[in-house]
Amino acid sequence: MENSSNYIDLGGRICSEFTFSHEIYSEGFYRFDVEVERLSGSADILPVTVSERIIDRNAMQIGTHIRIIGQIRSYNNYVEADRKNKLVLTVFARDINVLDTPADTNPNDVFLNGYLCKPPVYRTTPFGREIADLLVAVNRSYNKSDYIPCIAWGRNARFAGKLLVGENIRIWGRMQSRIYQKKKDDGEVLEKTAYEVSVAKVEVAPAEEAEGKPDESVTAE
């Protein structure tokens with residue numbers, strides 16, 4: 001991988017049509033959703049961005065099972081209704097393989113090596129479960145960075161809750177989708193989807209691995 005600090009290995013079923021996203025230097029990029037089953041039987045619906053140069057639209061239809069190697073990317077999208085930027089995540093595919101038969105289990109493996117760019121938010125649920133929300137900035141080529149929300153549980157949450165802004169941390173986990181409700185000022189309740197990395201392991205990176213810190217100015221909903 002070009003950037004081993006940001007890696008995702010993902011397998012699942014295409015569950016939406018391809019839609020045009022954007023073009024860079026005459027190279028078109030498309031978006032689609034992939035359904036990744038969990039061991040529990042539920043599923044995550046994750047957005048994927050891919051170059052037209054590595055896809056076969058005839059072989060990739062709704063229901064096709066695929067394996068993706070890539071990165072988690074972020075960008076700010078201005079929402080006119082809210083009059084603010086919203087942090088949007090996508091799986092940026094660097095390689096896609098069509099599977100002839102569905103895999104017995106779908107991989108969903110994430111590794112991040114980045115910097116904590118906001119104070120952790122540690123809390124407990126009404127049932128006493130510990131949770132910590134993190135925002136991690138991962139360096140990318142051309143002086144860019146991706147800002148990736150992560151959520152830790154239990155002892156990982158207790159550890160993460162004590163981390164300091166600017167610390168270089170490494171995270172292993174999986175990317176997940178989560179449905180939540182947001183109440184508007186007029187009382188209307190909207191159902192939205194959040195994307196984040198569910199943390200299986202988190203540690204402070206050795207000092208010798210530290211690189212230049214990314215810009216900490218980012219907006220997240």
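Mentor: A salt bridge here is a side-chain nitrogen of Lys or Arg within 4 Å of a carboxyl oxygen of Asp or Glu. The model is predicted.

Trainee: How far apart are the closest N and O atoms of R13 and E35?

Mentor: R13 and E35 form a salt bridge. The pair links distant parts of the chain, with R13 in strand β1 and E35 in strand β3, 22 residues apart. The separation of their closest N and O atoms is 3.0 Å.

Trainee: Is E35 buried, exposed or partly exposed?

Mentor: Buried means under 20% relative accessible area and exposed means over 50%, with partly exposed in between. The relative accessible area of E35 is 22%, so E35 is partly exposed.

Trainee: Which residue is linked with D44 and R174 in a network of salt bridges?

Mentor: R174 forms a salt bridge with D44, their closest N and O atoms being 3.4 Å apart. This pair joins strand β11, which holds R174, to strand β4, which holds D44, across 130 residues. The network that contains D44 and R174 also includes R38.

Trainee: Is D44 buried or exposed?

Mentor: The cut-off for buried is under 20% relative accessible area. D44 has 1%, so D44 is buried.

Trainee: Which helix holds the partner of E130?

Mentor: E130 forms a salt bridge with R158, the closest N and O atoms being 2.4 Å apart. E130 lies in strand β9, and R158, 28 residues away, lies in helix α1.

Technical notes:
Residues are numbered from 1 along each chain as its sequence is written. This is a predicted model: local features need pLDDT of at least 70, side-chain atom pairs count only at pLDDT 80 or more; totals for chains, interfaces and linings use all residues. Side-chain values use heavy atoms; hydrogens and water are left out. Helices (H or I, at least four residues) and strands (E, at least two) are DSSP runs, numbered from the N terminus. Buried means under 20% relative accessible area, exposed over 50%, partly exposed in between (1.4 Å probe, protein chains only).
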